Every structure is written in C-alpha cells, then in structure tokens.
Amino acid sequence: MRRAPWILVALIAAIVLPPLIGRSALLSDTNALLLCRGCVMALAGLSLNLLMGYAGQVSLGQFAFVGVGAFTLAHVTGVTDLRLPWVVGMLASAALGAVVAFLVGLPALRLRGLYLAIVTIGVVYACSESLFIAQGIGGGSAGKVVPPPYVAADAISRNCDLLAVGLVLLVVMWHLDTNLTRSRLGRAFHAVKADERVAASFGIDVASYKLLAFVLSGAVAGLAGGFFGTTIGTVQAASFTYADSLGLVVIVVVGGLGSRPGVVGVAFGTTVLPSLLVTLFGSGIRGYDLIFNAAVLVYTITRNPTGIAGAIREARTKALERRGGEPPLPPTRPNLPSLGRPSALPAPRRAAAGQPVLAVRDIGVRFGGLRAVDGASITVDRGTIVGLMGPNGAGKTTLFNAITGALRPDSGTVTFLGEDVSHLPTHLRAARGMGRTFQLIGLAKDQSVYENLLIAQHLAAPYSVGSALSGLGASRALEREIRSRADQTIEGLGFERFASTPVGKLSHGQQRIVEIGCCLVTSPELVMLDEPSAGMSPAASEDLALTLQDVRDKLGRTVLLIEHNVPLVLGVADELYVMAAGEVIANGEPLDVVTRPEVVTAYLGSSYEEALK
Amino acid sequence: MGQVLVFGLISGGIYGLFALGVVMVFRGTGVLSFAQGEIGTAALYVAAYLINDQGLPWVVGALGALVFGIGVGVLFELLVVRRMIGADPVSTAVATVGLLLLITTIEIQYAGSTLISVRGPISQHFAVFGVEVTGTQVLGVLLALALGFGLQSLLRRTDFGLGILAAAQDPTAVRLVGVPLSRVSATVWGAGAALSVIAALLVEPGIGVFAPGFASQLYLVGLAAAVIGGLTSLPGAVIGGLALGLVEAAANKWFGQSGVHGLRYVVVLIVLLVVLVGRQLLPELRARFDTRAEAVA
C-alpha cells in the first residue's frame, strides 16, 4: 500500500524532530518562532484549501475559525480557567472550530459563491470586532494568556521545541488530508464543487458533504488557532481579522487551489520572506514584501487561476505530451464490461413479475405561468429500451429531472421498482438504482477519467469518515474493489491511454462514452440517457446504437432514452413516447408512432399536414 | 427617536453610496468587487496631500482625488478584469481581493498608521431633531437618495446607459445594439471607484481621522446593503444602505451602553443572514402554501 509510509514518516518525525531541532545551532529562537508562524499559516492554509480548493465553498473569513481555536485553548488550559492538559485543549480547539464552522456552513446550504463569501466576511468581522473582544470570551483588550504545554512536569517553552510540536502537527494533518483526497470524501467534495446536480445523480448527498467540508475545515483551522495561541502565549482579537483571512486566501490561491504542496510551500514562503528580505536588503525593505505578495496574487489569478501548482502541472503534462506524441483515439464502440452489483450495495428490489421498472403518473411541472410538463405518464418495462422524443421545449429534460428528483414536480408520482420515490431526494433515488446522464455531460470536468469513475462509485464504497481519514478499516477493501471496477471499465471502454487525462480535455464524443461508463459502473437498474448522440458524428451514433443494445442485451439493463436522432431511436427502441408542449401525445411501437399524424404535426407543423391533403 | 433617525440616515446614506458602486459594477460586468471601497481611502490620501500639504481649495483636492480614484478603477479594469472575461465570478472576486491588499499595503507603506484628516466641503452646522449635523453629512444623504432614485432613469435615456444596466445579464443583446462591452466595463469600474471616492470624501470629516483600511470597513457594510437590496437594483442599494444605517443606529442606542463591542458588524451579519436565507426560503414556503391551498380547494 502507498499509504503506510506516511504513517511511518509521521511517527519518525514525532520521535526524531524534537531533539534534532532543539540542538540545531542554525535555528535561533527568533527564526524558530518565525517557522512556528509558518506552521500556523500552513495549517490554516490546509483548512481553507479543504473548504475552497476541494469543496468549492468560498470563505473570506477563515481566521474566525482560527480565532475560535486559539481562544478555546486559552479557556481550557488557562491558569485562571479550566487548567486542563494542553492535549485536551487542542482537541477542544478542533472541536469548537468544527462547531462554529458547522454553524457558518448552515446558511451555505442555501447560499452559493459570492453570497457565501460575503456572509463569511460578516462572520470574521463579528468575531474580531465583537465576540473576541468581549470580556468573558476574549479577555477584553488584554487578551487571554495561554500557558505552555507540559510533558511530564517540564514546560515546552523554547521556540525550537514548539516548532517540533508544530511540524508534527503539520505532518499529521498532511497525512490526514492525503487520505481525505484519496477517499470517497475528497471525491465527493470535488464532485460537489464541479456540479451539484451531477454529484447528486451519483448518489452524493450534497448538503451533508458541504456541511462536512465546513466541519473538517473548521477543525483544522481550530487546531491551527490552538497552536498559534501556544506559540505566542497571549491571544488577542487583533490577530484574527478580515485582513488575516484575505492573506490566507492569497496563500491558497497562489499556491494553487486544491494543491497541498503548493499551499504549504507558499504558506512558509510568505511567512519567511519578510525577514529573509530584511536580512538581504536591510530593514528599509520592510513592508514591501506585502505589496509584492498582493501583486503576485493579482498576477497569478489573472494569468493562471490554478496557481503555482497548476502551472507546474501544466508544464509537466506538456513535456509528457511532447515526448509521447498524441495518444491514439479510443474506439467509439466500447466493449462494456459486465460488472456485477458492487458488494457494498444492497441487492436491488425485485419488482414483482410484470411490474414495470419505472412508472411515472401524471407528472406536472410549472415554471411560473408556463406548464413545462402537463400530466405526463410513462411506463418503462424491465429489459427494454424506451425512447422519449419530442421537439425542442417539449419538456423531455424537465420530465427527466422530475423522475430523478432534480426538481420537485407540482403533481404526480414516480414509482421505481414498485416503490413510491416521489418524495425522495436525488441521491436516494440514485441509491435505489436510478442512473442518469446529462445533456451537457454530467462529469467533474477538471478530474481525470479514472477519478470520475471513482466519483461515480460513491455509493459502492460506503465507509465512515473515520475510516476515510485514517485509511484503515473498511475503506481499504472497498477502495480496492471500486478501483478494480474502474480499471475494468476503462479497459472495456478502451480508454487506457486516457485514464489520467482530465475529462474536460477529451472530445465531446469521448466525454459521452466516459459518462455512459460512469453511469453503468455501479450497474444501476435503470439507465436514463439525455440525448447521448448530441454532437456525435453519424458513424459514432451508429456505434452508440450498438452500445445501447449491449446495455440492454448483454448487461440486462433497462434504458430510458431522450433522443433527437430519429434513425437511432427507431433502430434501438422497443417502445416510443412522443412529447409536445409538455404533454405525452403518442406512445407505442416506434415505427407505428412516428407515422401518426399528431406526431408528424408536432414536428413539422400543421401546414405540412394540410399540404399532404 | 430623532437621534436614531438622523444618525441612521447619515451613515445609511454613505453605505448607500458605496452600495451603488457595487451594483453598478455588478450590472455592468457581473463581478463583485471587494477592492472598490479602499480606492476611496487611497483617494483620501491624494485629497489630504492636495488640500492640507499644498493648500489648494477643497474642490481642487476633491477633483484630484476623484480623478485618481477613477484612474485606479479603470486601470484595474484594463489590466485585470478584461483579461478575466469568462472566468468564474469567484476567481474575479479573488482578483479584486488582490487589488484590495495591494492598495492597503501601499497605503501602509506610504502613511503608516499616522492618522490624517481632510475637511469637508460644507462646514456649517444645522440642528435636526435636536442633533447637530454638518452640511457635508446632509449632502451625503441627499446625494445617495438622488443617485439611487435618479440614476436609473438617467441611464435609461441613452443606449449606452441601457447597455450598462443590461451588460451582465445579456451581453450579446448589448453588443447587438452597438454598445461596446469594453467601454461599458471600463465605465462601470470608473463609476464604482468614483462613488467610493465621493462616499469617502463625505464621510471622513464626520469621523475626523482616517488610516489605511478606513473606507474598506464602511464599504463592506455597503456590500451587504447592495446584497440586501438584491444586488442588481440601484434604488434597492440605497434603501438597503439606509435600512442598515437605521438598524445600526437603533442598536447603538439600545445596546450601545451594554459594553458590546463592534455592534455594527453583528447587526449587519444578522440582517444579512435573515434577508439572504429568508429570500431563499420565501418562494419555497409560498409554494408549499399554494399547494396546500390547492389541495383544500
């Protein structure tokens, strides 16, 4: 396993570093304190990176959580307060940071992007200007005193020793963060960041994962605050302001959103830079480093929004491409692997004999005054391909969204495998075996083909948060299983050379095949495809028809298909529904349905019919 | 009561002016700027230099500050915003954070934490509801109201003005009418900066002194006011600003003596959360009520 060395490194660091740093003549007390500050910024940077880089939730007030951690430690360990051991205080810092972040995360369920950013500014101001100044919480203008941590009866008070503590903390957090990104948590965060609707279609509970991102981020920020308090001895509100939070945003964006080494590197770099410059150029330079930092931020975000880490990654891919040349195109006729039901998923409900897989009754969806779907009913029988056609704006995709739960219909019921799922959210319908694709490709485009296949198997690896972070327990076997399924799928699709290519760099047709692969990788009972042939060449569409037949005949799945490509639908569909202006106007044998006058009229208008007469 | 009203309107007018700048930039380019307020502080340093150090009349100093502020806004648009067209709005917002840090750090380098003051245009005092107010403060409120309720109809008169109002929402339509988007973008960034400079020039005399970061703090309340007003409505921005000013003044009157610090920020946060989350919940509640009513019928 690739994970074992990290635990070892953390252990070795814990044992070896303290005496090593303590005896090092190079490290003066001042420099050690500076590096301690670097540890604080690195930890806080990791916390913001988790929230913003992984889960895509913008926080411009991260130092509110850091402050909560610092003041918590002061209260728990303080001589005039609870006087508990330092370790307990640090745990409390993490816990309270998590709680406060959870509270801030609650409105985030409702707000996105910039609105959330504004709320976090409000939070950090309310904390630094009010909460942390209050006598009972922040100790008034004097601040709160944090006693040094004790080992046996000896106080760890020298900065060199504290630095060792900070580095151990950082190594442990780095390790946990690495595990996080390799687990279902990290993948779910990425999916939520990329597209919430797509995430839900893979069975990811978007609201819970957003809150989880806040909680974990708050815990790490709380620890950073606790360590900060430990190193400076007295914590004051002035250390946890909006400006500090913005400084952290600089670190994370310049380092590269989502990049651990980038964030930690820039955190230490920006902390050490000022005194380095003073040593090199004399004290006249003081202050210019901040101007330099800000200029670098503006330049980075304008030129390369992925930061230093992104720039390095891009250069590396370019070099690889130059060496290897263009990889051969994958086939448009994939050989779909016949994967069984993932072991962690419960066996699907067997609908009673003769009962349809999907029964939709009288669905109505209103957008303001417009009736987008008006009393539509559809039945999909097991092992069939059912086509859904209709002119643009007929309400096909809206009906799809109502079936999957992406939107709440105003009326009607959806029965799936004999169970009424009308009131279930999307991710629970996905868990019952409802898979879908999107008109505009439902994948996390910045992630690789392989990662997308893992994201798609979110439900197949249902291990706990603890198992994900520690890399121990249930997660090992389950990860092995879904990774092998992903490998098999990639092989079947013929995408071996593209396994680590970001999906966004593939052609539209290739993305579509990956999307279908992702939809099938958990072997859902019902596969709902929204215009899969859109943007495909005629030859590729013919291959798609064969692929769809494979899905039905070889894999034994049931397919509901929205399609504009009439030859394709007539070629594969066992039954056809036609919608126009929100209503189902015809259904039955495909070849029979398309020749009915009402269908012809819907597509070509009434003048055509009159012309025929 | 009168005191709450007067103090509330005076600070609310300033928030409103900042909020107008937020809305202008948002409607013109779809970007939320975090830096705009601080352009006001930087311009105050220019005004202080011209008026205090060079002994020039207030009008000249104010014009100098205005030209400087507009210059910074337009320059940022040219160098950064224009290159980020099509980027995700959060990235562009982070770029404005960079500008904010850039301006603030340069200010700190230039002035340190020295407190400076600039006098206002009108120093006459009036008594309103028994509260002494200066002409400058009254000017701030009147200007906010006039711009909040007049700017929209003024802009509607020309194609270019309409372009400003519609650019972020429907850029293609604006281009088809023959209004160049790049000029719209440069104009709104200049206008947003100008509004910040005006607000800073009018509020500073009432507070007395300023230091780096001065206008940013007030601007953030303006940002909240713009969001409360719906982020796209010019009158809404001013109304949001006045509302926040009044609530803040009321909170100060009732809780000011209780020793709670930073009341302004707590008030703004609470109002912001109530409005934002409430606005999200309202349609859902209404829909739930409607379906229930239908079921009963």
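A polar contact is a pair of N or O atoms within 3.5 Å; within protein, one atom must be able to donate a hydrogen and the other to accept it, and residues adjacent in sequence count only if both atoms are side-chain atoms. Between chain B and chain A, 0 residue pairs are in polar contact (both at pLDDT 80 or more). The model is predicted, so local features need pLDDT of at least 70 and side-chain atom pairs count only at pLDDT 80 or more, while totals for chains, interfaces and linings use all residues. Residues are numbered from 1 along each chain as its sequence is written, chains are lettered from A and ligands numbered from 1 in the order in which they are written, and side-chain values use heavy atoms, with hydrogens and water left out.

The interface of chain B and chain A also holds 0 salt bridges (a side-chain nitrogen of Lys or Arg within 4 Å of a carboxyl oxygen of Asp or Glu). The side of chain B that touches chain A draws at least two residues from each of α3, α4 (89–111), α9 (214–228) and α11 of chain B. Helices are DSSP runs (H or I, at least four residues), numbered from the N terminus. The most come from α4(B), with 15 residues. By class, this side has 30 nonpolar, 8 polar and 3 charged residues. Ala, Val, Leu, Ile, Met, Phe, Trp, Tyr, Cys and Pro count as nonpolar, Asp, Glu, Lys and Arg as charged, and the others, Gly among them, as polar.

Contact (heavy atoms within 4.5 Å) joins 41 residues of chain B to 38 residues of chain A. The two chains bury about 3500 Å², 79% of it on carbon and sulfur atoms. Buried area is the accessible area (1.4 Å probe) that two parts lose on being put together, summed over both. Val94(B), Gln109(B) and Tyr265(B) supply 15% of the area that chain B buries against chain A, more than any other three residues.

Confidence is given as pLDDT, from 0 to 100 for each residue. Chain B has a mean pLDDT of 87, with 96% of its residues at 70 or more.

Within chain A, an automatic or database assignment sets the domain bounds. Domain 1 spans 17–240 and domain 3 spans 444–523. Domain 1 and domain 3 of chain A bury about 1700 Å², of which carbon and sulfur atoms give 62%. Arg184(A), Arg187(A) and Phe202(A) supply 46% of the area that domain 1 buries against domain 3, more than any other three residues. The count between these domains is 1 salt bridge. Arg187(A) and Glu479(A) meet in a salt bridge through their side chains (2.8 Å, N to O).

Conventions
pLDDT = per-residue confidence, 0-100.
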